[in-house]
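Dear colleague,

Please find the structure that I am handing over to you below. My findings follow directly after it.

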Amino acid sequence: MPRLVSHPDEVKIVTRRFGQGAANIDRYLELGGYQSAKKCLEQGPDWIINEMKASNLRGRGGAGFATGMKWSFVPKQSPKPKYVLVNGDESEPGTCKDHLIFLHDPHSVIEGTIIAGLAIGSKLGFIYLRGEYRYLLEIVEKAVADAYARGFLGKNIFGSETEFQIITQSGAGAYEVGEESALMESLEGKRGVPRIKPPFPAVVGLYGGPTIINNAETIATVPHVIAMGAESYAAVGTPRNGGTRLFGISGHVERPGVYELPMGYNLKKMIYDVAGGVRGGRKLKAVVPGGSSTPVLLPEEIENLGMDFDQVGKAGSMLGSGGVVVIDDQTCIVEFALRTISFYQHESCGWCIPCREGTDWLKKTFTRFHAGFGTASDIDNIQHIAQNILGRTFCPLGDAAAMPTLGFIKKFRKEFEDHLNGKPCPYARHEELAAV
Amino acid sequence: MSSETMSIFSPRLAARFDALVAKYPVKRSALVPMLLYAQDEIGYLSDAVIAEVAERIGITELDVRNVATYYSMLRFKPAGKYNIQVCTNISCMLRGGYDILDRFQKELGVGHKGITSDGVFSLEEVECIGACCWAPAIQVNYDFHDELKPELVPGILEGYRAKAGFPGDGSTSLGRKAEGKAPHA
């Protein structure tokens, strides 16, 4: 069972039922569950969307798009059925927050899905979990069955004339399927390759019908926004960045874990205070602030950095999925970069040539470089390849590979140069990584 | 196809498939989970599994293969009864994921995608499994094991060996010291 952590600075909104047995529907009801869905059923779609807009809730998957805005793009009248799609394909390295939501509070996801359905006038929602999360899927499936048994899902939810059904779905191993259009392809029983946009899913999505796709944490947050009121929720965060975030702090810290902190919380404090500092009293070398696709930050860049979408963006990186990966001073950045790019090379679906070929060339170059066979021109060439992936693919996986690569070179150029002259990396020890 | 008489799947799985294809607005949406559930029961996607899934969904075997080859969890050859998946992605790597992988390789005498001769275990180095804050982590089939240390590896193997009905003779290296290289991290 994954360890739960806590810290006095946490503001427990989304995690407030964690560790309290809320996967049980009676317990969830005791803890105030399904009241928000009932309220939304009474208030109607316009009210819900206005609340979501006022809450400043932004997508927790990584892009940070305003949730209320996204929902408002769905046409009111549609000849085709509309769908809600919950993205629980959590696969961004450094990210394990949805894991805990499904484990401790699956009904919050169900309730959020119902509310999203009411907001856009959909009768069917899908909750898609990555294939590796089988034990969590079973928890969610049990919760869905319980919700049906109570009449919270079905033809007449909460005794009303409104219908809403939920189907749970398992993936089978694919990072790319976490991209919204690839997710729809997978759900349609196809290879998870991305679709070109426009049209955007809000207009032409799953089975060609208008579809909203939200991250599981976003959806789990929705009932809380309704329960506490949009303005109270927005007040927790910073301007245009409402509420809290489940920050997953991993890597070289004393107390790794998922902490729910207000948007805008200082990153340095998060590492040194909340997570107990760098392990073994070592020095901080670098931080990946929002999952492996976000450009690395140096210790001096996090001094006054508030963790919200806008401030991290200004600092030249991204808040991403909230997965904070802490790297100490005894880590080889070239090896870290190699492991990062190896992941994207493995996960590139092969649909867009710049990503398919670019990630492969990057992996090959990094591998050779780290093994001590690099040349001075490799460093510029790595940048050149990354630049040529950036913005040239259907989906953001190409960018996700290129952006951190450029960050590593820009901020640790000297460390790359230290790998030249035929010397293997002083930290190298993994033959399988070092072998070309 | 009458799922009762001709199916290569158990009656329970066959019934689950019938329910699954009926559930979606479009039958084909059942494909990906169906392949995974079939693999869980049969062990891998054999030609017979692919043929039956194709027939149940009403698409060609080629269509099924085309989709199945995309997903990293789906396999076309048997794995061990217990498939050990060691994450070495960044969060796990920083906390010794490669030491865990090394230890499993040493204990089992097999490498990436290898199967032990008794068929009880197979080993895989995998990408992020969503347990970054409890790293290093592995999955054995669908079970997670978090916050691992190399010295915990023999005990994990013993546990599964006992489950498989192949209790070890005690000669596995429970008592042997890990010969790990100096910790990198």
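Predicted model: local features only at pLDDT ≥ 70, side-chain atom pairs only at ≥ 80, totals over all residues.

Residues are numbered from 1 along each chain as its sequence is written, chains are lettered from A and ligands numbered from 1 in the order in which they are written, and side-chain values use heavy atoms, with hydrogens and water left out.

**Strand 5 of chain A**

Helices (H or I, at least four residues) and strands (E, at least two) are DSSP runs, numbered from the N terminus. Strand 5 of chain A covers residues 244-251, and eight of its eight residues are buried; buried means under 20% relative accessible area, exposed over 50%, and partly exposed in between, with a 1.4 Å probe and protein chains only. Thr244(A), Leu246(A), Gly248(A) and Ser250(A) point to one side of the strand, while Arg245(A), Phe247(A), Ile249(A) and Gly251(A) point the other way.

Two strands pair if DSSP finds at least two bridges between them. Strand 5 of chain A runs antiparallel to strand 6 (residues 257-262) of chain A and is joined to it by six bridges. These two strands form a hairpin with five residues between them, and Leu246(A) stands opposite Glu260(A) of strand 6. With strand 10 (residues 323-328) of chain A, strand 5 pairs in the parallel sense over four bridges; there, Ile249(A) has Val324(A) as its bridge partner.

Glu217(A) belongs to helix 9 (residues 216-228) of chain A and counts as buried because its relative accessibility is 1%. Leaving aside neighbours within four places in sequence, Glu217(A) is in contact (heavy atoms within 4.5 Å) with Arg60(A), Lys97(A), Asp98(A), Ile101(A), Arg245(A) and Leu246(A). Arg245(A) and Leu246(A) point opposite ways from strand 5.

Ser181(A), in helix 8 (residues 180-187) of chain A, is buried as well, at 1% relative accessibility. A polar atom of the side chain of Ser181(A) lies 2.8 Å from the backbone nitrogen of Arg195(A); a polar contact is a pair of N or O atoms within 3.5 Å, where, within protein, one must be able to donate a hydrogen and the other to accept it, and residues adjacent in sequence count only if both atoms are side-chain atoms. Beyond its neighbours within four places in sequence, Ser181(A) is in contact with Val193(A), Pro194(A), Arg195(A) and Lys197(A).

Thr359(A) is found in helix 14 (residues 353-373) of chain A and is buried, with a relative accessible area of 0%. The side chain of Thr359(A) reaches the backbone oxygen of Cys355(A) at 2.6 Å. Not counting residues up to four places away in sequence, Thr359(A) touches several residues, including Ile341(A), Tyr344(A), Ile389(A) and Ala401(A).

**Backbone geometry in chain A**

The peptide bond from Lys197(A) to Pro198(A) is cis, with omega near -10 degrees. The bond from Pro198(A) to Pro199(A) is cis, with omega near 5 degrees. Pro198(A) is placed in the loop between helix 8 and strand 4 (211-215) of chain A. Phe158(A), in the loop between helix 7 and strand 3 (165-170) of chain A, has a positive phi, near 50 degrees.

**Contact between the chains**

Arg134(A), Leu137(A) and Glu141(A) in helix 7 of chain A meet Leu36(B), Tyr37(B) and Asp40(B) in helix 2 of chain B. By class, this contact has three nonpolar, no polar and three charged residues; Ala, Val, Leu, Ile, Met, Phe, Trp, Tyr, Cys and Pro count as nonpolar, Asp, Glu, Lys and Arg as charged, and the others, Gly among them, as polar.

**Chain B**

Four strands of chain B form an open sheet in the order 2-1-3-4, with mixed pairing. Strand 2 (121-126) and strand 4 (143-145) stand at the edges, each with a single partner strand, so one side of each has no neighbour in the sheet. Strand 3 (residues 138-140) and strand 4 of chain B run antiparallel and are joined by three bridges, and Val140(B) stands opposite Asp143(B).

Lys113(B) lies in the loop between helix 6 (97-108) and strand 2 of chain B. Phi of Lys113(B) is positive, near 70 degrees, and the residue counts as exposed because its relative accessibility is 55%.

Yours sincerely
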